[in-house]
Amino acid sequence: MSTKTRSTGVRSTASDEAPHESELARGLRAADEHAFAAVYRRWGSLVHTMATRSLGDTYEADDVTQQVFLGAWRGRDGFRPERGPLGAWLVGITRRKIVDALAARTKRLTLADSVARDAGTRPHEAPAPDEVLDRVLLVDALSRLPHAQREVLCLAFYEDLTQAEIAERTGMPLGTVKSHARRGLLRLRQAIEQGRADETAA
């Protein structure tokens with residue numbers, strides 16, 4: 001008969017969940033989209049809660065949650081049931097993505113603080129208004145980029161990673177990394193040029 005044993009006897013909740021999780025894990029590794037959707041439904045709220053508590057920002061938590069499950073789908077072949085359950089694997093990915101998000105935020109804030117100090121604590125030095133303006137515009141333009149583009153450019157600018165290294169770090173395909181870098185740089189250039197024009201007009 002059916003290989004899925006469902007006896008009429010009462011079974012504990014834990015014993016019910018264990019085979020269900022293993023079925024989801026097998027489905028995920030087999031690239032079963034229905035299994036992946038079930039994985040998201042089961043652990044999505046946990047991932048989002050972890051990200052929200054760590055980042056304190058719902059929008060950033062949304063981005064992290066998306067990155068976690070995107071990374072899980074793309075890296076599904078790396079899941080090894082013998083090393084631990086699927087839920088623990090997803091929690092591990094979540095922690096890494098949170099660390100990445102916090103690092104990117106720290107880099108942005110550090111650059112912004114540096115710009116503020118340079119602009120406000122050097123009254124006796126020869127001014128370099130164009131340089132200061134460009135740095136301010138860069139920080140502002142970076143903050144306005146879509147998350148994926150901002151992440152790629154921050155990893156390239158501040159951690160000096162190659163596009164291949166960024167793809168490995170984020171789980172994005174190399175082509176996607178190149179596309180985000182190209183589009184992000186274009187938007188940064190346009191924002192800086194527009195900012196210069198507005199400053200000149202003012």
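## Threonine 170

Threonine 170 is buried, because its relative accessibility is 3%. Buried means under 20% relative accessible area, exposed means over 50%, and partly exposed lies in between (1.4 Å probe, protein chains only). This is a predicted model, in which local features need pLDDT of at least 70, side-chain atom pairs count only at pLDDT 80 or more, and totals for chains, interfaces and linings use all residues. Residues are numbered from 1 along each chain as its sequence is written, and side-chain values use heavy atoms, with hydrogens and water left out.

Threonine 170 belongs to helix H7 (residues 163-170). Helices (H or I, at least four residues) and strands (E, at least two) are DSSP runs, numbered from the N terminus. The side chain of threonine 170 reaches the backbone nitrogen of methionine 172 at 3.2 Å. Leaving aside residues up to four places away in sequence, threonine 170 touches Gln67, Lys97, Glu151 and Leu155. Contact here means heavy atoms within 4.5 Å.

## The whole chain

The protein chain has eight helices and zero strands. From the N terminus on, its elements run α-α-α-α-α-α-α-α. Of its 202 residues, 35% count as buried.

Consider contacts in the protein chain with a separation of 6 or more: residues 24 or more positions apart account for 61% of them. The accessible surface of the protein chain comes to about 12800 Å². Carbon and sulfur atoms hold 53% of that surface. Such areas come from the Shrake-Rupley method with a 1.4 Å probe; for residues, only the protein chains shown count as cover.

## Helix H3

Helix H3 covers residues 58-74. Its 17 residues should span 24 Å at 1.5 Å a residue, and its end C-alpha atoms are 24 Å apart, so the two agree. The expected span is 1.5 Å times one less than the number of residues.

Which residues of H3 are buried? They are Glu60, Ala61, Val64, Thr65, Gln67, Val68, Phe69, Gly71 and Ala72. An α-helix has 3.6 residues a turn, so residues three or four places apart point the same way.

## Two nonpolar cores

A nonpolar core is a set of buried Ala, Val, Leu, Ile, Met, Phe, Trp, Tyr and Cys residues joined through side-chain atoms within 4.5 Å. The largest one has 24 residues. Within it, Val39, Trp43, Val64, Phe69, Leu86, Trp89 and Leu90 touch the most other members. Two or more residues come from each of helix H1 (13-29), helix H2 (33-55), H3 and helix H4 (86-120). H2 gives the largest share of this core, eight residues.

Valine 39 touches Leu24, Gly44, Phe69, Leu86 and Leu90, not counting residues up to four places away in sequence.

## Aromatic pairs

How many aromatic pairs are there? The count comes to four. Rings of Phe, Tyr and Trp (its six-membered ring) pair if their centres lie within 6.5 Å; planes under 30 degrees apart count as stacked, over 60 as edge-to-face and the rest as tilted. The rings of phenylalanine 36 and tryptophan 73 have centres 5.0 Å apart and planes at 55°, so this pair is tilted. The pair links distant parts of the chain: phenylalanine 36 sits in helix H2 and tryptophan 73 in helix H3, 37 residues apart. Phenylalanine 36 is buried, with a relative accessible area of 19%. Tryptophan 73 is partly exposed at 21% relative accessibility.

Phenylalanine 79 and tryptophan 89 also form a tilted pair, with 5.3 Å centre to centre and 55° between the planes. Phenylalanine 79 lies in the loop between H3 and H4, tryptophan 89 in helix H4, 10 residues apart. Phenylalanine 79 is buried at 2% relative accessibility. Tryptophan 89 is buried too, with a relative accessible area of 19%. Phe36, Tyr40, Phe69 and Trp73 form one aromatic cluster.

Tyrosine 158 is found in helix H6 (residues 147-158). It counts as partly exposed because its relative accessibility is 24%. Tyrosine 158 and alanine 104 are 54 residues apart along the chain, yet their C-alpha atoms are separated by 8.7 Å.

Glutamine 190 lies in helix H8 (residues 174-201). At 46% relative accessibility, glutamine 190 is partly exposed. Glutamine 190 and alanine 141 are 49 residues apart in sequence and 9.1 Å apart in space, C-alpha to C-alpha.

Technical notes. A polar contact is a pair of N or O atoms within 3.5 Å; within protein, one must be able to donate a hydrogen and the other to accept it, and residues adjacent in sequence count only if both atoms are side-chain atoms.
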